[in-house]
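Take a look at the fold below before reading on. The text goes through the sheet and then a pair of helices.

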Amino acid sequence: MKRPIFRTTYLETQEHGPVLEIIARNLPAKRSLEIGVRYGGTTMHLLSAMREIQGHLWSVDIKYSHRAHRRAIAWGVMPYWTFTEACSWDWTPPEGLFDLAFIDGDHANVAKDWEKFEPLVRPGGILLLHDYIGPQSQGPRTLVDEVIRPQWQRWECATLPYSYGLTIVRKR
């Protein structure tokens with residue numbers, strides 16, 4: 001059977017999907033946030049975890065994702081998902097703290113997403129940043145190396161060095 005052809009960036013992010021699902025399921029991340037949806041590859045993994053733990057995922061992207069919406073309907077996970085078409089730093093999040101935040105939006109402005117959403121993640125919660133390695137890594141790499149890692153007293157941090165890198169940050 002032939003594999004479907006997707007854009008490389010879709011596959012690059014999709015490879016981290018199982019990791020996101022495991023983290024969300026085991027944390028458990030009943031209140032999760034996703035910045036950047038594109039085709040919904042990681043969205044579906046997060047929603048799979050939300051269904052299992054009876055959690056909820058809020059996703060924000062500058063463009064509406066018809067593909068992610070169709071997949072969520074087909075997988076029966078719409079009750080666990082709220083999608084908002086908006087610029088992430090202009091979006092008003094729901095009340096309360098998040099257990100998990102996956103940030104994979106505008107890489108040039110990833111620091112804006114960090115500044116807005118890091119305070120909204122509970123102590124012991126997880127923030128995930130995609131693209132530490134590769135052609136879009138300038139913003140995420142600078143944020144991790146110059147802001148997060150030097151403040152090791154506030155955050156534990158590790159980067160998975162494949163598929164453009166996924167940095168996992170646990171808020172102390």
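In this predicted model, seven strands form an open sheet with mixed pairing, and their order across the sheet is β3-β2-β1-β4-β5-β7-β6. At the edges lie β3 (81-85) and β6 (155-160), each of which pairs on one side only. On average, neighbouring strands of the sheet are turned by 15 degrees against each other, direction ignored.

Strands of a sheet are held in pairs by backbone hydrogen bonds, in either a parallel or an antiparallel sense.

Helix α5 (residues 110-117) lies across β1, β4, β5 (121-130), β6 and β7 (166-171), and runs at about 170 degrees to β5.

Now turn to two other helices. How do the axes of α3 and α4 cross? The axes of α3 (residues 41-53) and α4 (residues 66-75) come within 10 Å and cross at roughly 30 degrees. Angles under 35 degrees count as roughly parallel, so α3 is roughly parallel to α4. Their crossing is right-handed.

Which residues make the contact? Helix α3 contributes Gly41, Met44, Leu47 and Arg51, while α4 contributes Ala68, Arg71, Ala72 and Trp75. Sorted by class, the contact of α3 with α4 consists of five nonpolar residues, one polar residue and two charged residues.

Technical notes: Residues numbered from 1 in each chain as written. Predicted model: local features only at pLDDT ≥ 70, side-chain atom pairs only at ≥ 80, totals over all residues. Heavy atoms only, no water. Pairing = 2+ DSSP bridges. Helix = DSSP H or I, 4+ residues; strand = E, 2+ residues; numbered from the N terminus. Axes fitted to C-alpha atoms, helices over the stretch in contact; angles between N-to-C directions. Contact = heavy atoms within 4.5 Å. Parallel < 35°, antiparallel > 145°, perpendicular 65-115°, else oblique. Left-handed = near helix turned anticlockwise from the far one by under 90°. Nonpolar A, V, L, I, M, F, W, Y, C, P; charged D, E, K, R; others polar.
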